[in-house]
Amino acid sequence: IKQKKRHMGDTKHFCPVSLKENFVLYPGLQEHAAKYKEKIYYFSTSEYRDEFLKNPEEYVARNEPLQAPPLRVCLLGVHGAGKTTCAREITDKLGIFHIQFEEYLQELILPKTKRKVGPFLDEDHEDDNKIVEELEDFSQTITITETEKTKQEVELTDEERAIKANLRDNKELPPEVLDKIVPDWWKKEPFRSTGFILDGFPRTLDEASYLSERGLCPDVAIYIQVEEGDILNRLFPPRLKKWKEKQLKKKEYKKKLKELKAKIRV
């Protein structure tokens, strides 16, 4: 065993071509091995092995050790598990980026939707619209309002429609949409050289397979497991508070509506 370790290449059991080209520590396979200067190198694919053999010096250490990629973490867990809270603490300590996947999707379509999209958010917005519409029907001073402007349909691209469906109905994003979002965190600056913690992705087996197929390997995947009762205690109070505020708002609107009706009768 000691002899094998002495003869391993600079990247040990990781693929040197994946490290050079994609800045990712991707495990190599023994069947895709090659020998160079009495050292054994493992490669993730036969194509990468062939690429290495064309110009080995491009992929091996020379005057100094090869630079390892920064830390990339995928943080997983159900809604309310505390992923975002934990992610913020980790990023503060390690100095890496915090990417909250759902919030990132919201930002992509916010310029057109003008508001955040989601099951509870849509429900609240619809209730507010109904109340405002009733007030407008009885108010003769209102002509063109902001609510009327927002009713005008905004043309979304196929990509934006897929993102909206994901946020509203939890429909999986197709690979062609993920290709425009996810790889940049591994391959482009400032994420490439700094590292990140990806909060809330992957969420399904297909999304995990997508990362594997694209060679986008996290160094660590953390799953936060929380008891259902703890999640209920965490999420129910703010939701109840929001419901009470909405009921109070409805009461105020109804009072105003009653006053408008009284003025019209006079």
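Student: How many helices and strands does the chain have?

Tutor: This is a predicted model, in which local features need pLDDT of at least 70, side-chain atom pairs count only at pLDDT 80 or more, and totals for chains, interfaces and linings use all residues. The secondary structure comes to 13 helices and six strands. Helices (H or I, at least four residues) and strands (E, at least two) are DSSP runs, numbered from the N terminus. Residues are numbered from 1 along each chain as its sequence is written, and side-chain values use heavy atoms, with hydrogens and water left out.

Student: What share of the residues counts as buried?

Tutor: Of the 266 residues of the chain, 34% count as buried. Buried means under 20% relative accessible area, exposed means over 50%, and partly exposed lies in between (1.4 Å probe, protein chains only).

Student: And what does the accessible surface come to?

Tutor: The accessible surface of the chain comes to about 17,800 Å², and 52% of this belongs to carbon and sulfur atoms. Such areas come from the Shrake-Rupley method with a 1.4 Å probe; for residues, only the protein chains shown count as cover.

Student: Which residues have the most contacts inside the largest nonpolar core?

Tutor: They are Phe101, Val182, Trp185, Trp186 and Leu198, in a core of 24 residues. The elements α5, α8, α9, α10, β5 and α12 each supply at least two residues of this core. A nonpolar core is a set of buried Ala, Val, Leu, Ile, Met, Phe, Trp, Tyr and Cys residues joined through side-chain atoms within 4.5 Å. In soluble globular proteins, nonpolar side chains tend to be buried together.

Student: What is Phe101 in contact with?

Tutor: Leaving aside neighbours within four places in sequence, Phe101 is in contact with Leu173, Leu178, Val182, Trp185, Leu198, Asp199, Gly200, Phe201 and Arg203. Contact means heavy atoms within 4.5 Å.

Student: Is Glu207 buried or exposed?

Tutor: Glu207 counts as buried because its relative accessible area is 2%. Arg203, at 36% relative accessibility, counts as partly exposed.

Student: How many salt bridges does the count come to?

Tutor: The count comes to 15 salt bridges. One of them joins Glu57 and Arg62, whose closest N and O atoms are 3.8 Å apart. Glu57 is partly exposed, at 27% relative accessible area, whereas Arg62 is exposed, at 59%. Salt bridges that share partners join Lys37, Glu57 and Arg62 into one network. Glu38 and Lys35 also meet in a salt bridge (3.5 Å, N to O), and both of these residues are exposed.

Student: What about phi, say at Lys114?

Tutor: Phi of Lys114 is near 70°, a positive value in a residue other than glycine. Lys114 is in the loop between α5 (101-113) and α6 (119-138), and counts as exposed because its relative accessibility is 62%. Asn170 has a positive phi too, near 65°. Its place is in the loop between α8 (158-169) and α9 (175-178), and Asn170 is exposed, at 60% relative accessible area.

Student: Last one: which residues form a nonpolar patch on the surface?

Tutor: Leu71, Leu94, Val220 and Ile222 form the patch, with about 280 Å² of accessible area together. Patches are made of residues with over 30% relative accessible area and no salt bridge: like charges are joined within 9 Å, nonpolar side chains (Val, Leu, Ile, Met, Phe, Trp, Tyr) within 5 Å. Leu94, found in helix α4 (residues 83-94), is partly exposed, at 47% relative accessible area.

How values were computed. A salt bridge is a side-chain nitrogen of Lys or Arg within 4 Å of a carboxyl oxygen of Asp or Glu.
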